[in-house]
Amino acid sequence: VKKPSDVGADFDDYARRWRKDEYGLESGYDARGVTRDPGRADQVQRPGDEWGDVAPLREAYGGLVADFVAPGPVNVLEIGAGGGRSTAVLLDVLGDRVGEYHVVDVSPVFVEVLKERIEFPVDVHIVTDVDLSGLPVEHFDLCLAQSSWSHIGIYDQYRYLRELRRVLRPGAPVYVNGQFLLGVGNDWTWNRFVRRVDQIDRDIQGVFHEFTSFAAVAEMLTRLQYDIECINTAGFIARRGVLLADRSLATLPGPISAPFNRSPHDFLATRVVNPVTLPDGGPAPPSPLPPAAAGPAPSGPDRGASFRQLLKRIPGLRPLVLAARRRRSGSGSRR
Ligand SMILES: C[S@@+](CC[C@H](N)C(=O)[O-])C[C@H]1O[C@@H](n2cnc3c(N)ncnc32)[C@H](O)[C@@H]1O
(Lines give C-alpha, C1' and ligand atoms only; values in the text may rest on other atoms or scores of the structure.)
Protein backbone atom coordinates (compact mmCIF):
# COMPACT_ATOMS: atom_id res chain seq x y z
CA VAL A 1 0.00 0.00 0.00
CA LYS A 2 1.46 3.36 -1.03
CA LYS A 3 1.41 6.30 1.35
CA PRO A 4 -0.50 9.37 0.10
CA SER A 5 2.77 11.35 0.06
CA ASP A 6 4.34 8.74 -2.27
CA VAL A 7 1.32 8.90 -4.57
CA GLY A 8 1.73 12.69 -4.55
CA ALA A 9 5.42 12.35 -5.51
CA ASP A 10 4.40 10.03 -8.40
CA PHE A 11 1.90 12.61 -9.66
CA ASP A 12 4.51 15.37 -9.25
CA ASP A 13 6.84 13.32 -11.45
CA TYR A 14 4.11 12.71 -14.01
CA ALA A 15 3.32 16.43 -14.22
CA ARG A 16 7.02 17.36 -14.49
CA ARG A 17 7.69 14.87 -17.29
CA TRP A 18 4.47 15.72 -19.16
CA ARG A 19 4.88 16.89 -22.79
CA LYS A 20 1.88 18.01 -24.79
CA ASP A 21 2.85 16.14 -27.94
CA GLU A 22 3.11 12.78 -26.13
CA TYR A 23 -0.59 12.49 -25.38
CA GLY A 24 -3.77 11.85 -27.32
CA LEU A 25 -7.10 12.17 -25.55
CA GLU A 26 -8.17 8.94 -23.79
CA SER A 27 -11.08 7.68 -25.84
CA GLY A 28 -11.80 4.22 -24.46
CA TYR A 29 -10.31 1.04 -23.09
CA ASP A 30 -9.61 -2.40 -24.44
CA ALA A 31 -7.92 -5.50 -23.02
CA ARG A 32 -4.48 -3.94 -23.47
CA GLY A 33 -5.44 -0.74 -21.69
CA VAL A 34 -6.29 2.81 -22.63
CA THR A 35 -6.99 3.70 -26.24
CA ARG A 36 -6.20 7.25 -27.35
CA ASP A 37 -7.58 9.48 -30.04
CA PRO A 38 -4.67 11.38 -31.62
CA GLY A 39 -7.22 13.20 -33.79
CA ARG A 40 -8.38 15.09 -30.71
CA ALA A 41 -4.91 15.98 -29.45
CA ASP A 42 -5.90 19.65 -29.55
CA GLN A 43 -8.12 19.00 -26.50
CA VAL A 44 -4.98 18.14 -24.55
CA GLN A 45 -3.40 21.43 -23.56
CA ARG A 46 -2.40 20.91 -19.92
CA PRO A 47 -1.29 17.97 -17.75
CA GLY A 48 -4.36 15.89 -16.94
CA ASP A 49 -6.38 16.92 -20.00
CA GLU A 50 -5.50 13.55 -21.54
CA TRP A 51 -7.71 11.74 -18.96
CA GLY A 52 -10.75 12.14 -21.16
CA ASP A 53 -13.35 14.28 -22.79
CA VAL A 54 -15.05 16.66 -20.38
CA ALA A 55 -18.50 16.40 -22.03
CA PRO A 56 -19.54 13.33 -19.93
CA LEU A 57 -18.32 15.11 -16.79
CA ARG A 58 -20.39 18.15 -17.66
CA GLU A 59 -23.48 15.98 -18.11
CA ALA A 60 -22.88 14.08 -14.86
CA TYR A 61 -22.19 17.20 -12.78
CA GLY A 62 -25.26 18.90 -14.28
CA GLY A 63 -27.43 15.97 -13.10
CA LEU A 64 -25.67 15.89 -9.74
CA VAL A 65 -26.28 19.57 -9.00
CA ALA A 66 -29.85 19.52 -10.29
CA ASP A 67 -30.98 16.37 -8.47
CA PHE A 68 -28.81 15.90 -5.39
CA VAL A 69 -27.56 19.28 -4.15
CA ALA A 70 -29.76 21.42 -1.89
CA PRO A 71 -30.88 24.80 -3.34
CA GLY A 72 -28.82 27.90 -2.55
CA PRO A 73 -25.10 28.63 -2.52
CA VAL A 74 -22.89 25.55 -2.70
CA ASN A 75 -19.64 25.11 -0.76
CA VAL A 76 -17.59 22.50 -2.60
CA LEU A 77 -14.81 20.24 -1.38
CA GLU A 78 -12.94 18.49 -4.18
CA ILE A 79 -10.54 15.67 -3.27
CA GLY A 80 -7.79 15.05 -5.83
CA ALA A 81 -8.43 17.96 -8.19
CA GLY A 82 -5.03 17.56 -9.91
CA GLY A 83 -4.65 19.91 -12.88
CA GLY A 84 -8.20 21.23 -12.49
CA ARG A 85 -9.89 19.42 -15.41
CA SER A 86 -12.87 18.45 -13.21
CA THR A 87 -12.73 21.68 -11.17
CA ALA A 88 -13.21 23.81 -14.27
CA VAL A 89 -16.28 21.80 -15.28
CA LEU A 90 -17.93 21.84 -11.85
CA LEU A 91 -17.33 25.59 -11.43
CA ASP A 92 -18.88 26.12 -14.84
CA VAL A 93 -21.93 23.97 -14.00
CA LEU A 94 -22.44 25.72 -10.64
CA GLY A 95 -22.09 29.22 -12.12
CA ASP A 96 -23.32 31.84 -9.65
CA ARG A 97 -24.28 29.22 -7.10
CA VAL A 98 -20.72 28.45 -6.09
CA GLY A 99 -19.88 29.58 -2.57
CA GLU A 100 -16.43 28.44 -1.40
CA TYR A 101 -14.37 25.96 -3.40
CA HIS A 102 -11.77 23.96 -1.47
CA VAL A 103 -9.34 21.52 -3.06
CA VAL A 104 -7.40 18.79 -1.23
CA ASP A 105 -4.54 17.12 -3.10
CA VAL A 106 -1.23 15.38 -2.45
CA SER A 107 0.60 16.70 -5.54
CA PRO A 108 1.75 20.32 -5.28
CA VAL A 109 3.20 20.23 -8.81
CA PHE A 110 -0.08 19.13 -10.37
CA VAL A 111 -2.04 21.74 -8.42
CA GLU A 112 0.15 24.48 -9.94
CA VAL A 113 -1.53 23.56 -13.23
CA LEU A 114 -4.94 24.05 -11.58
CA LYS A 115 -3.90 27.48 -10.31
CA GLU A 116 -2.91 28.53 -13.85
CA ARG A 117 -6.15 27.22 -15.28
CA ILE A 118 -8.74 28.43 -12.78
CA GLU A 119 -9.47 32.10 -12.13
CA PHE A 120 -11.92 31.48 -9.28
CA PRO A 121 -10.23 31.88 -5.85
CA VAL A 122 -9.89 28.22 -4.92
CA ASP A 123 -8.65 27.31 -1.39
CA VAL A 124 -5.90 24.75 -1.94
CA HIS A 125 -4.88 22.30 0.81
CA ILE A 126 -1.84 20.20 0.00
CA VAL A 127 -1.75 17.22 2.37
CA THR A 128 0.69 14.37 2.93
CA ASP A 129 -1.85 12.07 4.56
CA VAL A 130 -5.63 11.81 4.79
CA ASP A 131 -6.10 15.05 6.65
CA LEU A 132 -9.15 17.31 6.60
CA SER A 133 -8.43 18.75 10.04
CA GLY A 134 -7.93 22.25 8.57
CA LEU A 135 -11.49 22.35 7.22
CA PRO A 136 -14.53 23.73 9.05
CA VAL A 137 -17.19 21.50 10.62
CA GLU A 138 -20.48 20.83 8.74
CA HIS A 139 -19.55 23.39 6.11
CA PHE A 140 -19.68 21.67 2.71
CA ASP A 141 -22.73 21.01 0.54
CA LEU A 142 -20.98 18.74 -1.95
CA CYS A 143 -17.82 16.64 -2.14
CA LEU A 144 -16.45 15.64 -5.53
CA ALA A 145 -13.70 13.07 -6.12
CA GLN A 146 -13.16 12.76 -9.86
CA SER A 147 -10.67 10.08 -10.96
CA SER A 148 -8.83 10.35 -7.65
CA TRP A 149 -10.44 7.58 -5.55
CA SER A 150 -8.78 5.08 -7.92
CA HIS A 151 -5.42 6.28 -6.57
CA ILE A 152 -6.44 5.98 -2.94
CA GLY A 153 -6.15 2.60 -1.20
CA ILE A 154 -9.10 1.04 0.59
CA TYR A 155 -7.98 2.09 4.10
CA ASP A 156 -7.55 5.71 3.04
CA GLN A 157 -10.92 5.65 1.25
CA TYR A 158 -12.41 4.70 4.62
CA ARG A 159 -10.36 7.36 6.41
CA TYR A 160 -11.56 10.03 3.96
CA LEU A 161 -15.20 8.98 4.33
CA ARG A 162 -14.81 9.01 8.11
CA GLU A 163 -13.32 12.53 7.97
CA LEU A 164 -15.94 13.74 5.51
CA ARG A 165 -18.71 13.01 8.01
CA ARG A 166 -17.29 15.86 10.09
CA VAL A 167 -16.96 18.51 7.38
CA LEU A 168 -20.08 17.80 5.29
CA ARG A 169 -23.48 19.19 6.21
CA PRO A 170 -26.02 16.46 7.03
CA GLY A 171 -27.56 15.27 3.75
CA ALA A 172 -24.72 16.65 1.58
CA PRO A 173 -23.72 14.27 -1.24
CA VAL A 174 -20.31 12.76 -1.91
CA TYR A 175 -19.86 11.99 -5.60
CA VAL A 176 -16.98 9.62 -6.38
CA ASN A 177 -16.54 9.05 -10.09
CA GLY A 178 -13.86 7.04 -11.87
CA GLN A 179 -13.04 4.35 -9.34
CA PHE A 180 -12.64 0.68 -10.18
CA LEU A 181 -15.14 -1.74 -8.66
CA LEU A 182 -14.70 -5.47 -9.06
CA GLY A 183 -17.43 -7.97 -8.28
CA VAL A 184 -19.99 -6.79 -10.81
CA GLY A 185 -18.64 -8.60 -13.87
CA ASN A 186 -17.57 -5.47 -15.74
CA ASP A 187 -15.03 -6.35 -18.47
CA TRP A 188 -13.57 -2.87 -18.62
CA THR A 189 -12.69 -2.93 -14.92
CA TRP A 190 -11.45 -6.53 -15.10
CA ASN A 191 -9.15 -5.70 -18.01
CA ARG A 192 -7.70 -2.77 -16.06
CA PHE A 193 -7.19 -5.06 -13.07
CA VAL A 194 -5.35 -7.69 -15.14
CA ARG A 195 -3.23 -4.95 -16.69
CA ARG A 196 -2.22 -3.88 -13.19
CA VAL A 197 -1.35 -7.49 -12.29
CA ASP A 198 0.90 -7.53 -15.35
CA GLN A 199 2.57 -4.31 -14.16
CA ILE A 200 3.21 -5.89 -10.76
CA ASP A 201 4.66 -9.00 -12.45
CA ARG A 202 7.06 -6.74 -14.33
CA ASP A 203 7.73 -4.50 -11.31
CA ILE A 204 6.44 -1.37 -13.07
CA GLN A 205 6.20 1.54 -10.63
CA GLY A 206 4.73 5.03 -10.88
CA VAL A 207 1.10 6.12 -11.12
CA PHE A 208 -1.28 3.16 -11.06
CA HIS A 209 -4.83 2.30 -10.07
CA GLU A 210 -6.26 0.81 -6.90
CA PHE A 211 -9.25 -1.56 -6.98
CA THR A 212 -12.04 -2.30 -4.57
CA SER A 213 -15.42 -4.00 -4.85
CA PHE A 214 -19.09 -3.13 -4.90
CA ALA A 215 -19.65 -4.95 -1.61
CA ALA A 216 -16.71 -3.20 0.09
CA VAL A 217 -18.01 0.23 -0.93
CA ALA A 218 -21.56 -0.61 0.16
CA GLU A 219 -20.40 -1.91 3.54
CA MET A 220 -18.07 1.00 4.20
CA LEU A 221 -20.73 3.59 3.39
CA THR A 222 -23.36 1.80 5.46
CA ARG A 223 -21.13 1.38 8.50
CA LEU A 224 -20.11 5.04 8.28
CA GLN A 225 -23.80 5.95 8.21
CA TYR A 226 -24.04 7.38 4.72
CA ASP A 227 -27.32 7.07 2.80
CA ILE A 228 -26.40 5.42 -0.50
CA GLU A 229 -28.13 7.01 -3.49
CA CYS A 230 -26.49 4.75 -6.04
CA ILE A 231 -23.36 2.71 -6.74
CA ASN A 232 -22.25 1.91 -10.26
CA THR A 233 -19.17 0.23 -11.73
CA ALA A 234 -17.20 3.48 -11.54
CA GLY A 235 -18.24 5.11 -8.29
CA PHE A 236 -21.12 6.21 -6.11
CA ILE A 237 -23.29 8.99 -4.78
CA ALA A 238 -23.95 8.83 -1.05
CA ARG A 239 -25.24 11.41 1.40
CA ARG A 240 -23.72 12.13 4.76
CA GLY A 241 -26.42 10.68 6.98
CA VAL A 242 -27.63 12.01 10.28
CA LEU A 243 -25.17 10.40 12.63
CA LEU A 244 -26.48 8.07 15.28
CA ALA A 245 -23.27 8.13 17.27
CA ASP A 246 -19.78 9.46 16.98
CA ARG A 247 -18.44 6.10 15.78
CA SER A 248 -19.06 3.96 12.73
CA LEU A 249 -21.45 1.05 13.18
CA ALA A 250 -19.45 -1.72 14.80
CA THR A 251 -22.40 -4.08 14.35
CA LEU A 252 -24.81 -3.81 11.48
CA PRO A 253 -28.50 -3.60 12.36
CA GLY A 254 -29.45 -5.69 9.28
CA PRO A 255 -28.46 -6.59 5.73
CA ILE A 256 -26.77 -3.99 3.51
CA SER A 257 -28.85 -2.81 0.60
CA ALA A 258 -27.72 -0.43 -2.14
CA PRO A 259 -29.14 0.67 -5.48
CA PHE A 260 -26.82 -0.44 -8.28
CA ASN A 261 -26.57 0.70 -11.90
CA ARG A 262 -24.54 -1.34 -14.39
CA SER A 263 -23.55 1.70 -16.36
CA PRO A 264 -20.00 2.83 -15.64
CA HIS A 265 -20.64 6.45 -16.58
CA ASP A 266 -24.14 7.74 -16.91
CA PHE A 267 -26.12 6.52 -13.92
CA LEU A 268 -26.98 10.10 -13.17
CA ALA A 269 -28.51 10.42 -16.59
CA THR A 270 -30.27 7.06 -16.80
CA ARG A 271 -31.37 6.77 -13.15
CA VAL A 272 -31.95 3.05 -13.86
CA VAL A 273 -31.06 1.37 -10.62
CA ASN A 274 -31.57 -2.08 -9.18
CA PRO A 275 -31.49 -2.64 -5.45
CA VAL A 276 -28.83 -5.15 -4.42
CA THR A 277 -28.96 -6.69 -0.97
CA LEU A 278 -25.82 -8.24 0.41
CA PRO A 279 -26.05 -11.27 2.72
CA ASP A 280 -26.93 -10.42 6.28
CA GLY A 281 -23.74 -10.15 8.28
CA GLY A 282 -25.33 -11.65 11.42
CA PRO A 283 -23.69 -14.28 13.63
CA ALA A 284 -22.13 -17.19 11.75
CA PRO A 285 -24.21 -20.43 11.79
CA PRO A 286 -22.72 -23.26 13.91
CA SER A 287 -20.05 -25.17 12.02
CA PRO A 288 -21.09 -28.69 10.89
CA LEU A 289 -17.60 -29.93 11.79
CA PRO A 290 -16.80 -30.82 15.43
CA PRO A 291 -14.18 -28.54 16.94
CA ALA A 292 -10.64 -29.94 16.61
CA ALA A 293 -9.95 -32.11 19.69
CA ALA A 294 -6.76 -31.68 21.66
CA GLY A 295 -4.53 -34.78 21.85
CA PRO A 296 -4.39 -37.76 19.47
CA ALA A 297 -7.00 -37.97 16.74
CA PRO A 298 -9.85 -40.35 17.59
CA SER A 299 -9.75 -43.56 15.59
CA GLY A 300 -13.12 -43.86 13.89
CA PRO A 301 -14.61 -46.92 12.18
CA ASP A 302 -13.08 -45.90 8.86
CA ARG A 303 -9.56 -45.86 10.26
CA GLY A 304 -10.07 -49.34 11.74
CA ALA A 305 -11.39 -50.71 8.43
CA SER A 306 -8.51 -49.34 6.39
CA PHE A 307 -5.99 -50.64 8.94
CA ARG A 308 -7.45 -54.15 8.67
CA GLN A 309 -7.18 -53.90 4.85
CA LEU A 310 -3.53 -52.96 5.23
CA LEU A 311 -2.87 -55.98 7.44
CA LYS A 312 -4.39 -58.25 4.80
CA ARG A 313 -2.42 -56.71 1.94
CA ILE A 314 1.11 -56.61 3.42
CA PRO A 315 2.48 -60.09 4.15
CA GLY A 316 4.27 -60.34 7.51
CA LEU A 317 2.73 -57.15 8.92
CA ARG A 318 0.09 -58.94 11.04
CA PRO A 319 2.53 -60.96 13.24
CA LEU A 320 4.66 -57.84 13.75
CA VAL A 321 1.65 -55.80 14.92
CA LEU A 322 0.51 -58.61 17.25
CA ALA A 323 4.02 -58.87 18.78
CA ALA A 324 4.12 -55.11 19.32
CA ARG A 325 0.73 -55.16 21.06
CA ARG A 326 1.86 -58.03 23.33
CA ARG A 327 5.00 -56.10 24.27
CA ARG A 328 2.93 -52.95 25.03
CA SER A 329 0.42 -54.78 27.26
CA GLY A 330 3.26 -56.64 29.02
CA SER A 331 5.17 -53.45 29.83
CA GLY A 332 1.89 -51.91 31.06
CA SER A 333 1.33 -54.81 33.60
CA ARG A 334 4.88 -54.47 35.00
CA ARG A 335 4.21 -50.90 36.24
C1 LIG B 1 -6.00 11.20 -12.08
S2 LIG B 1 -5.87 12.69 -11.18
C3 LIG B 1 -7.45 13.38 -11.35
C4 LIG B 1 -7.44 14.88 -11.38
C5 LIG B 1 -8.75 15.56 -11.71
N6 LIG B 1 -9.76 15.31 -10.71
C7 LIG B 1 -9.24 15.12 -13.07
O8 LIG B 1 -10.24 14.42 -13.15
O9 LIG B 1 -8.61 15.48 -14.06
C10 LIG B 1 -5.83 12.13 -9.50
C11 LIG B 1 -5.49 13.22 -8.51
O12 LIG B 1 -5.72 12.70 -7.20
C13 LIG B 1 -4.68 13.12 -6.36
N14 LIG B 1 -4.58 12.20 -5.21
C15 LIG B 1 -4.06 10.94 -5.16
N16 LIG B 1 -4.11 10.43 -3.91
C17 LIG B 1 -4.70 11.38 -3.15
C18 LIG B 1 -5.03 11.47 -1.76
N19 LIG B 1 -4.78 10.47 -0.92
N20 LIG B 1 -5.59 12.60 -1.32
C21 LIG B 1 -5.86 13.63 -2.17
N22 LIG B 1 -5.58 13.62 -3.48
C23 LIG B 1 -4.99 12.51 -3.97
C24 LIG B 1 -3.45 13.11 -7.26
O25 LIG B 1 -2.40 13.90 -6.74
C26 LIG B 1 -4.05 13.67 -8.54
O27 LIG B 1 -3.97 15.06 -8.57
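**Figure 1. The whole chain, and who touches whom.** Of the contacts in the protein chain with a separation of 6 or more, 71% are between residues 24 or more positions apart; a contact here means heavy atoms within 4.5 Å. This is a predicted model, where local features need pLDDT of at least 70 and side-chain atom pairs count only at pLDDT 80 or more, while totals for chains, interfaces and linings use all residues. Residues are numbered from 1 along each chain as its sequence is written, and side-chain values use heavy atoms, leaving out hydrogens and water. The protein chain has 10 helices and 13 strands; helices (H or I, at least four residues) and strands (E, at least two) are DSSP runs, numbered from the N terminus. Out of 335 residues, 42% are buried. Buried means under 20% relative accessible area, exposed means over 50%, and partly exposed is in between (1.4 Å probe, protein chains only).

**Figure 2. Two helices crossing, α2 and α3.** Helix α2 (residues 55–68) and helix α3 (residues 85–94) have axes that come within 9 Å and cross at roughly 45°. Axes are lines fitted to C-alpha atoms, for helices over the stretch in contact, with angles running from 0 to 180 degrees between N-to-C directions. That makes α2 and α3 oblique to each other: angles under 35 degrees count as roughly parallel, over 145 as roughly antiparallel, 65 to 115 as roughly perpendicular, and the rest as oblique.

**Figure 3. Inside the largest nonpolar core.** Here's a handy rule: in soluble globular proteins, nonpolar side chains tend to be buried together. A nonpolar core is a set of buried Ala, Val, Leu, Ile, Met, Phe, Trp, Tyr and Cys residues joined through side-chain atoms within 4.5 Å. The largest one has 39 residues, and Leu164 and Phe236 have the most contacts inside it. Elements giving two or more residues to this core include β3 (74–79), α5 (154–167) and β10 (226–232), but α7 gives the most, with five residues. Zoom in on leucine 164 and, setting aside residues up to four places away in sequence, you'll see it touch Leu77, Ile79, Leu132, Cys143, Val174 and Tyr226.

Figure 4. Phenylalanine 260 sits in strand β12 and is buried, with a relative accessible area of 7%. Threonine 277 is 17 residues from phenylalanine 260 in sequence, and their C-alpha atoms are 9.8 Å apart in space.

Figure 5. Glutamate 138, in the loop between β5 (123–126) and β6, has a phi near 45°, a positive value in a residue other than glycine. Glutamate 138 counts as partly exposed, at 37% relative accessibility. Serine 147, in the loop between β6 and α5, also isn't glycine, and its phi is positive, near 60°. Serine 147 is partly exposed, with a relative accessible area of 26%. Glutamine 225 lies in the loop between α7 and β10 and counts as buried, at 8% relative accessibility. Leaving aside neighbours within four places in sequence, glutamine 225 is in contact with residues including Arg165, Arg240, Leu243 and Ser248.
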